Amino acid sequence: MYNSFIKKIDLGDGRTIEIETGKLAKQADGSVVVKLGTTMLLATVVSAKEAKEDVDFMPLSVEYKEKYASAGRFPGGFLKRESRPGDYEILISRLVDRALRPLFPDDYHAETFVNINLISADKEIIPDALAGLAASAALAVSDIPFNGPISEVRVARIDGAFKINPTFSELEKADIDIIVGATIDNILMVEGEMSEVSEAEMLEAIKIAHTEIKKHCKALIEFAEEVGKTKKREYSHEENDEDLKKLLHDKTYQKVYEIAKTTPGKHERHDAYEAVKQEFIESLSDSLNEGEEVNEVLVNRYFFEVEKEAVRSLILNEEVRIDGRKTNEIRPIWSEVDYLPASHGSAVFTRGETQSLTTVTLGSKLNEKMIDEVLIQGSDKFVLHYNFPPFSTGDARASRGISRREVGHGNLAHRALKRMIPAENNPYAIRVVSDILESNGSSSMATVCAGTLALMDAGVKIKKPVSGIAMGLITDTKSGKFAVLSDILGDEDHLGDMDFKVTGTRDGITATQMDIKVEGLSYDILSKALEQARVGRLHILDKILETLPEPREDYKPHAPRIEQIMIPKEMIGAIIGPGGKVIQEIQNTTGATIVIEEVDSFGVVDIAAVDKASIEEAKRRIQLIVQVPEVGEIYKGRIKSIVNFGAFVEILPGKEGLLHISEISWKRVGKVEDELKAGDEIEVKLIDVDKKSGNLKLSRKALLPKPEKTEETRDRN
């Protein structure tokens, strides 16, 4: 038997979210089932009772997994079972992780695992917006220390009206699509894409999302009280030495402050910090009794706090950043296109110590990305991949596959650019790859800028160029001071209170990603950050356009050529032929690649080849197949067979007509073979089409001069 508790949240439009605990997965520290319609998520959380030795961070793991059985489907592949997480699952895991992680107590270091499984799926309900709520609910009914609750919602603007957690069908029409994570008081995380909207419109969407989230958080607080889980476990995961902390601060703070103020280079600055820390450790070692050792774990923790305080004070008090820039100043930018002569398009974009080498590859429909997820199937003509090798930060380590961070950064850049890829008159599948060669902050935004240049270099007629910028924030709650930072460095991200990435065209925002690490961030500060981001974004866009002001007129000579023609849907089978015989023969003889897709009442034929002649020949042969014979037209055909009463002539591929013996010549023909042979090419005229059978009637004599009547023929008549 079980004793379950249920809490309901009214979305206000006839939909209700239901949260249940006490029925499933009862051995986890906390477990809930979140239900909306027939969509159900099972969320569990388990945290170790003690922290591992010398761990001074929060070892949190969040896994979002979609079960194919939830939608009544078999997984693809040979094994027919779920395997490693797909990109979509990784992205949702990251969204939940980013909202949860800042709210665990700073001194709580026990390994904690949050698992969210989609166990029942309605084909119209998007489950990702419920994942954050489910994870927070599982924490709420556990004894794990957590400064929540939080919730996440998707807000979309559809036909001018905002809607919370829209359906798949509704989302197709949205010009704003963002997911927001927040507590009852503060925004924590924002991610999404837009169709060139203003800063004010985006801020309005965030406010609407937060209003809904407050309802969810209030319900979770009540739910925890009803379940009896308001008391959290006791723990002691940190040892502290206040004397050591004060001593380290007194000995190192001013030195660190001066380094931050006078050493703009990333590696030089870090080396100087390390030298100060090692000097302190050595001096401390000299003062210890025999057998005593320096606690380097504590020294590292306290030194990081000194570094953080020094950098933040420098910015707030002197308005000087660690690389010497003003708060709204962008790092020096240089860029170059056509750097890789053998690629279809390429660009190098460098901003300060961050550099992206980006390529564009053009392909046919066969190169489109196939999507086979639990709820989403189809293909994607535009993909973007982001690679972050260790050498980009000077790290001496091996690269072990694609990280979650790489998936997330690539997705952000993809969202930034995808609405600017032309949907019409673009037969190409497009792959953009950004390889980060140097990194010191904002590498995903460098990818957006390099991606824009590489696409234009490839001759892709993007609607508008896109640029991106990462904004930071330093705040002091005691003094009320704050500083919004444009184009942040890696250290400013790690030591600051916000990482706010904004991409867009000259006319509006196309994508955003925001993580806030401080409580009480006002909408006024957010508004200031957005305006400062807009100015910086336009400055970067101007620099991009100095390198290449518009897409090239034509594709590179070595890029594949693709032409697209429309045919009647009923003619698709004729082009393919029995067992693919016809289409294979055209491809083999012309060297072109042909892909046919049925769209509405038409067949869309993509013809790809490396040269124009191959495309033209393939197109000619396809047009002959789909051509409808017209009475009165003259055709050059090949005789397929001879019979006693005439000959069958193929006037178009797969279309034969009868040339009756009486239509071969003006003179009387006694034997067909005396005039024609199988395989001969002759010109004939289509003189009739039988209305019932569709049989074609041909004439050769209609094309021959009619002989004049002689005296002999007149007498005979």
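Analyst: Two strands pair if DSSP finds at least two bridges between them. Strands (E, at least two residues) and helices (H or I, at least four) are DSSP runs, numbered from the N terminus. This is a predicted model, where local features need pLDDT of at least 70 and side-chain atom pairs count only at pLDDT 80 or more, while totals for chains, interfaces and linings use all residues. Residues are numbered from 1 along each chain as its sequence is written, and side-chain values use heavy atoms, with hydrogens and water left out.

Start with strand β12, residues 345-351.

Next, the partners. Strand β11 (residues 333-337) pairs with β12 in the antiparallel sense, over five bridges. Within that pairing, Trp334 stands opposite Thr350 of β12. Strand β13 (residues 354-363) also runs antiparallel to β12, joined by seven bridges. Arg351 has Thr354 of β13 as its bridge partner. β12 and β13 form a hairpin with two residues between them. In that turn, Gly352 has a positive phi of about 60°.

Now the helix contact. Two packed helices are described by the angle between their axes and the distance between the axes. Helix α5 (residues 242-262) packs against helix α6 (residues 266-287) at an angle of about 150°. Their axes lie 10 Å apart. Axes are lines fitted to C-alpha atoms, for helices over the stretch in contact, and angles run from 0 to 180 degrees between N-to-C directions. That angle makes α5 roughly antiparallel to α6 (over 145 degrees).

Which residues make the contact (heavy atoms within 4.5 Å)? From α5 come Leu244, Leu247, Leu248, Lys251, Thr252, Lys255, Val256, Ile259 and Ala260. From α6 come Arg269, Ala272, Tyr273, Val276, Glu279, Phe280 and Leu284. By class, the contact has 11 nonpolar, one polar and four charged residues. Ala, Val, Leu, Ile, Met, Phe, Trp, Tyr, Cys and Pro count as nonpolar, Asp, Glu, Lys and Arg as charged, and the others, Gly among them, as polar.

Note on methods: Angles under 35 degrees count as roughly parallel, over 145 as roughly antiparallel, 65 to 115 as roughly perpendicular and the rest as oblique. Contact means heavy atoms within 4.5 Å. Buried means under 20% relative accessible area, exposed over 50%, partly exposed in between (1.4 Å probe, protein chains only).
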